[in-house]
Amino acid sequence: MGKHPSSGKYAIVGLGVIAGPQPDRSERMIGAEAARLALEDAGLTREDIGGAIDLRRSGGGGDRANYSDAYTRVLGLKNNFYFTCGRGGALAGLGIAAAMSYLDRGIADYVMLMGAVTDWSQSQVTRKKGFRGMAHAEKRGYWGKPVGDSRAASHHSWMAARHMAVYGTTSRQLGAISVAQREWACKNPEAKMYGRPITIEDHQNSPIVAEPYHLLDLSQVSDGGIAFILTTADRAKDCKGKPVYVLGQGFGEVSSDLWWEKKNFTHMAVAPAKKQAFGQAAITIDDVDCAQLYDCFTAEVLFQLEDYGWCDKGEGGAFVEAGSTAPGGSIPVNTGGGLLSCYHLGDLTGLAEAVRQVRGDAGDRQIADCEVAMTTGHGGELVSPGMCSIHTCTLLGKNP
Amino acid sequence: MTAQPLVLTVTDEWKKPWPSIDQDNEAFWDGLKEHKLLVWKCQDCGAVYWPKAYCQNHDNKPFAENCEWVPASGRGRIFAFNIHRWAFHPGFKEELPYVYALVELDEGPLISSQMVGDDLPDDIHTVGQPVEIVFEDHPNEGFTLPKFRMVKD
């Protein structure tokens, strides 16, 4: 089967990244500056941007007053549309799909996509009131909060626990994922944990937060912003930087087909997403040079390695323990350090790293001859059995 | 197995996140106050859901009018659990460490809550332990929380 007509028809042409604590800036200001950096990177101007998307884990809902001013106004983009989009950690994948439809119809020639957070700065305030982790916010419709499910670590640790019970996976094996990603982070000066290598003993000795999860199974709480520009392949050739082509995209929802199977706790909705994305690109996982797998916690990486087929179901523990995802391993995973060791900007973390790897801009951690990079997203509602329903897969390539 | 489910009464001031009660689950929360664990059952085919949903097994009538809330047995088995050693919310600090379990009810659906009692699961590699419902009344706040405790098989 050949490629889908949409494969390679669109490309990312500019990237702007702001990382590290931003105590003196709002999300909006971080966003405006990240977008300016992306324009500069692409050699474009504000007038070129026909539309803008604000990638937020709360999507279009949430704190509307906060959205009453936008990064686009601050920066002075001349966009004809602007909206918020996202679902938990599934941000860039959804945003790219939406942007393509505007480009396809000529509504915009270039679309700016940006996501920014000040989670770390906010957490410093709520920490003083006795809360731990990310800043505290009540959400309606969220079942577990009154009975002990306070944070993502609360319910995500079930996934690890269930996998451990069904397949015999161990905490040390989950720790191997954390150690491998820290090794990658130590090659990335932008990573929060740059210069701070860890061993498996460090993982095992780190505090147990919600058993089976140790502190070192958890992702970072971060400030920062990432912006990128999507355009058509013909326009991309005239931009300043090297284009990174969108080869394929796929989506899956565990709520749709796992209603009674209760596989959600050891699987993700990879099957449909994989079929769609790899089908469009007409490639296989053997063509993937590096995988930026959504890693809010260690077990999510393990599930995806199994679900995509780098190893068999239940074999993920042994696979990661052998160093397969670390530098020098058979499939480099989360090569910038990922959410675990670099910074947590949802799937934008993996997207930015994939763009850099395909462009050859990844410095000491550059994968040789990186032609295809894969990036995934994950998130959604927290009602069992369809917990964190969505899975997104985006394949990026050096050639269209 | 006990004939009547255990009921606890807590009069301490509520310092945790409040239950999120809306049009979809109000009947469920009313049931808890009457010490019933309600699940959503299709009268046509007997399929059981929690939370509320259209029945998945056949073309449905307008908003699941063939479904109704019915009392569940209150028994089930642990599907997955964790042991919190950090209180992300300060309201849980005094209860550390606490076990938070995902329970597969005998009727099928999964529901999650805190485990109570002295007999608690502790081996994270094991699942399938039998549990039963405990109703925790909060009369000052006007709600009842469903919790679970271990029982003998």
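Guide: The account below begins with the overall form of one chain and then turns to single places in both.

This is a predicted model, in which local features need pLDDT of at least 70, side-chain atom pairs count only at pLDDT 80 or more, and totals for chains, interfaces and linings use all residues; side-chain values use heavy atoms, without hydrogens or water. Residues are numbered from 1 along each chain as its sequence is written, while chains are lettered from A and ligands numbered from 1 in the order of writing.

Chain A contains 14 helices and eleven strands (DSSP runs numbered from the N terminus: H or I of at least four residues, E of at least two). Its radius of gyration is 20 Å, which agrees with the value near 21 Å that a compact globule of 400 residues would have (over C-alpha atoms; the rule is 2.2 Å times the number of residues to the power 0.38). Along the principal axes, the C-alpha atoms of chain A fill a box of roughly 55 × 50 × 45 Å. Of the 400 residues in chain A, 63% are buried (under 20% relative accessible area; exposed is over 50%, partly exposed in between; 1.4 Å probe, protein chains only). Among the contacts of chain A between residues at least 6 apart in sequence, 76% join residues at least 24 apart (contact: heavy atoms within 4.5 Å).

Helix α6 of chain A is mostly covered, with 13 of its 15 residues buried.

The backbone comes next. Most residues other than glycine have a negative phi, and most peptide bonds are trans. In chain A, the bond joining A:Glu211 and A:Pro212 is cis, with omega about 15°. A:Pro212 belongs to the loop between β5 (208–211) and β6 (213–214) of chain A. Chain B has a cis bond joining B:Trp50 and B:Pro51, where omega is about -5°. B:Pro51 is placed in the loop between β3 (48–49) and β4 (67–71) of chain B.

Positive phi values also occur. A:Asp369, which is not glycine, has a phi near 50°; it is situated in the loop between α14 (348–359) and β10 (372–379) of chain A. With 63% relative accessibility, A:Asp369 counts as exposed. B:His35, likewise not glycine, has a phi near 60° and occupies the loop between α1 (26–33) and β2 (38–42) of chain B. Its relative accessibility is 29%, so B:His35 counts as partly exposed.

B:Trp18 sits in the loop between β1 (6–9) and α1 of chain B. The C-alpha atoms of B:Trp18 and B:Glu141 are 9.4 Å apart, although 123 residues separate the two in sequence. Neighbours within four places aside, B:Trp18 is in contact with B:Glu141, B:Phe143 and, across to the other chain, A:Pro146. B:His138 stands in strand β8 (residues 130–138) of chain B, and its 3% relative accessibility means that B:His138 counts as buried. Residues up to four places away in sequence not counted, B:His138 touches B:Val10, B:Trp14, B:Phe143 and B:Leu145.
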